[in-house]
Structure formats: structure tokens, C-alpha cells
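Please put together a short briefing on this protein model. Keep it brisk, and group the points by topic.

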Amino acid sequence: MSMAEGDTLISVDYEIFGKVQGVFFRKYTQAEGKKLGLVGWVKNTDQGTVQGQLQGPISKVRHMQEWLETKGSPKSHIERANFNSEKAILKLDYSDFQIVK
């Protein structure tokens, strides 16, 4: 018995460019990830971007990717979102969605 395509677990790294620091971007990303039932992490970088990793069912990860590209936090201004290292995984590496310092 195979899982439906939308239920395949995937892991994807992301980096968000634009005005994404000092605008509660990490807090909103964590809240959105938890709302979707995803796990992973988010952090600010020294380059002024926000980086992290998402893990969960492919359909939920796609929803989160769209959110990261187009929405973000209310005061953020997203220039672009890069997604890479996408791969199917057998189990989640994290138990929740964390903000990493």
C-alpha cells in the first residue's frame, strides 16, 4: 500500500531575502508552520536574511513555501525566496517548529 503523493514527507531548506528581520518574521513563520503541522526551524542570518528548514507532508510544505514567498509577517517585504536541498524523507527529524538563535 503506497502513500498518496500529497502525504509523502519531504524536507526542504529555505532562505528568504528582503526586509525580513525585525518584523517578527521568525515568529510568524513558526506560527504558520505549527498551524500547518510542519516541523523544522527558522533563524536570522548575519546577511540580513532568514533561513530554515521545513519538514512535513508535501502538500503542507508547498503551502508553506507559497506563504514564505508571498506573505510572511505583516510588516515584512519579501524580495525573493530560495528553496533547495529538497528530498523525500522517511521520518521527521524534529518534533516541533523552533526559532533558532
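Which residues does R26 touch, not counting residues up to four places away in sequence? They are V42, K43, N44, I99, V100 and K101. Touching, or contact, means heavy atoms within 4.5 Å.

This is a predicted model: local features need pLDDT of at least 70, side-chain atom pairs count only at pLDDT 80 or more, and totals for chains, interfaces and linings use all residues. Residues are numbered from 1 along each chain as its sequence is written, and side-chain values use heavy atoms, with hydrogens and water left out.

**Annotated domain and active site**

- The UniProt annotation "domain: Acylphosphatase-like" comes from an unreviewed entry and covers residues 11-101. UniProt positions are given in the numbering used here, feature names are shortened, and annotations may be inferred rather than shown by experiment.
- The span 11-101 is 27% helix and 42% strand. Its end C-alpha atoms lie 21 Å apart.
- Helices (H or I, at least four residues) and strands (E, at least two) are DSSP runs, numbered from the N terminus.
- UniProt, again in an unreviewed entry, places the feature "active site" at R26 and N44. They span 19 residues in sequence, yet no two of their C-alpha atoms are more than 7.7 Å apart, so they gather at one spot.
- R26 sits in helix α1. R26 counts as partly exposed because its relative accessibility is 21%. The cut-offs are under 20% relative accessible area for buried, over 50% for exposed, and partly exposed in between (1.4 Å probe, protein chains only).
- N44 sits in strand β2. N44 is also partly exposed, at 27% relative accessibility.
- N44 touches V20, Q21, R26, T49 and V50, leaving out residues up to four places away in sequence.

**Helix α2**

- Helix α2 covers residues 58-70 and has 13 residues. From first C-alpha to last it reaches 18 Å, close to the 18 Å expected at 1.5 Å a residue. The expected span is 1.5 Å times one less than the number of residues.
- Buried in α2 are I58, V61, M64, Q65, W67 and L68.
- The cover over these buried residues includes β1 (9-19), α1 (25-36), β3 (50-57) and β4 (77-88).
- G72 follows α2, and its phi is positive, near 65°.

**Nonpolar core**

- The largest nonpolar core has 20 residues. Such a core is a set of buried Ala, Val, Leu, Ile, Met, Phe, Trp, Tyr and Cys residues joined through side-chain atoms within 4.5 Å.
- Y14, I16, F25, L54, M64 and L68 have the most contacts inside this core.
- Two or more residues come from each of β1, α1, β3, α2 and β4. The largest share, five residues, comes from α2.
- M64 is in contact with T29, E32, G33, L36, L38 and L54, leaving aside neighbours within four places in sequence.

**L38**

- L38 lies in the loop between α1 and β2 (39-44). L38 counts as buried because its relative accessibility is 3%.
- L38 touches G33, Q55, G56, P57, K60, V61, M64 and F97, not counting residues up to four places away in sequence.
- L38 and H77 are 39 residues apart along the chain, and their C-alpha atoms are separated by 23 Å.

**Aromatic rings**

- How many aromatic pairs are there? The count comes to one aromatic pair. Rings of Phe, Tyr and Trp (its six-membered ring) pair if their centres lie within 6.5 Å; planes under 30 degrees apart count as stacked, over 60 as edge-to-face and the rest as tilted.
- F25 and W67 form the pair, which is tilted, with 6.3 Å centre to centre and 45° between the planes.
- The pair links distant parts of the chain: F25 is in helix α1 and W67 in helix α2, 42 residues apart. F25 and W67 are both buried.
- R80 lies over the face of F17, at 3.8 Å from the ring centre. A charge sits over a ring if NZ of Lys or CZ of Arg is within 6 Å of the ring centre and within 35 degrees of the ring normal.

**Positive phi outside glycine**

- F24 is not a glycine, although its phi is positive, about 60°. F24 lies in the loop between β1 and α1. At 59% relative accessibility, F24 counts as exposed.
- S85, in strand β4, is a residue other than glycine with a positive phi, near 55°. S85 is partly exposed, with a relative accessible area of 45%.
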